[in-house]
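Hello,

Here is the structure I promised to pass on to you. Have a look at it first, and then read on for what turned up in it.

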Amino acid sequence: MTAMWLVAAAWGLVVAAPLVRRARRHEVAGRAARLRRAVREARGRSWRRVLGPRLPLGPAGRVGRALLERRRRRREDRALTAELPVTIDVLGVAVGAGCTPYLAVEVAAHWAPPAIGARLAAVLRACGLGASFADALDDLAGATPRLRPLADALLASDRLGAPVGESLARLAVEERTALRRRAETDARTVPVRLLFPLVFLVLPAFGLLTVVPTLVGSFGRT
């Protein structure tokens, strides 16, 4: 009878162990999600503290905050666009050397440019806190839409086992083409932006140095 109880207890432990591990994994993932949400809220509060004392309240303050936030996002998008081809190359080299997508992200977090490297390091921290690699990449793409194509390529390889090397190479070519087009567009806007200093600074200074002394001299002779 005692042996039967021991066998039943052992089977109960065997059956309950995966459930306990799964419950602990969900608990850790929930803590990681709460931690990420708290970090985002803290960043939002710090941004409001920076802008709050400098901008007035009311509609004008809201418009000013919206403009500053839009400029910040535009600068961030430009920085990510400039760093993305290099980061994709680093990931491609790591995958070509035999790394899994997770290990490739770990390599890129160390060697990639700083803006994207910090975001990939956040993915690794989320995985260290118990979140799955796919969930961490989804959070990355949701927080930074500019990195959605890169996250989708890594997710396809992680979930389906598809080779990611060719996808990364194609994505790197597309990003470099987009970066070159943006540079050409910016170059075409340079003459327009030079009109302001030319009209309001250079021409008045030229007039002060050439026309005004002539007029003053002619009035003095009369």
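A salt bridge here is a side-chain nitrogen of Lys or Arg within 4 Å of a carboxyl oxygen of Asp or Glu. Arginine 176 and aspartate 89 meet that description, with their closest N and O atoms 2.4 Å apart. Please keep in mind that this is a predicted model.

That pair links distant parts of the chain, since arginine 176 sits in helix H7 and aspartate 89 in helix H2, 87 residues apart. Arginine 176 is partly exposed, at 37% relative accessible area, and aspartate 89 is also partly exposed, at 31%. The structure holds 6 salt bridges. Another of them joins arginine 182 to aspartate 77, with the closest N and O atoms 3.4 Å apart. Arginine 182 is in helix H7 and aspartate 77 in helix H2, so this pair ties together parts that are 105 residues apart in sequence. Through shared partners, salt bridges join Asp77, Arg146, Glu175 and Arg182 into one network. Glutamate 76 forms a salt bridge with arginine 119, the closest N and O atoms being 3.3 Å apart. Here the link runs from helix H2, which holds glutamate 76, to helix H4, which holds arginine 119.

Now for the overall picture. The chain has 8 helices and 0 strands, and 23% of its 222 residues are buried. Among contacts between residues at least 6 apart in sequence, 54% join residues at least 24 apart.

What lies inside? The largest nonpolar core has 33 residues, and Leu91, Leu150 and Leu168 have the most contacts inside it. Helices H2, H3, H4, H5, H6 and H7 each give two or more residues to this core. Leucine 150 touches Leu84, Ile88, Leu91, Leu168 and Leu171, leaving aside residues up to four places away in sequence.

Finally, turn to the surface. Val192, Leu195, Phe196, Leu198, Val199, Phe200, Leu201, Val202 and Leu203 form a nonpolar patch there, with about 880 Å² of accessible area together. Valine 202 belongs to helix H8 and counts as partly exposed, at 46% relative accessibility.

Definitions and conventions: Residues are numbered from 1 along each chain as its sequence is written. This is a predicted model: local features need pLDDT of at least 70, side-chain atom pairs count only at pLDDT 80 or more; totals for chains, interfaces and linings use all residues. Side-chain values use heavy atoms; hydrogens and water are left out. A nonpolar core is a set of buried Ala, Val, Leu, Ile, Met, Phe, Trp, Tyr and Cys residues joined through side-chain atoms within 4.5 Å. Buried means under 20% relative accessible area, exposed over 50%, partly exposed in between (1.4 Å probe, protein chains only). Helices (H or I, at least four residues) and strands (E, at least two) are DSSP runs, numbered from the N terminus. Contact means heavy atoms within 4.5 Å. Patches are made of residues with over 30% relative accessible area and no salt bridge: like charges are joined within 9 Å, nonpolar side chains (Val, Leu, Ile, Met, Phe, Trp, Tyr) within 5 Å. Accessible areas come from the Shrake-Rupley method with a 1.4 Å probe; for residues, only the protein chains shown count as cover.
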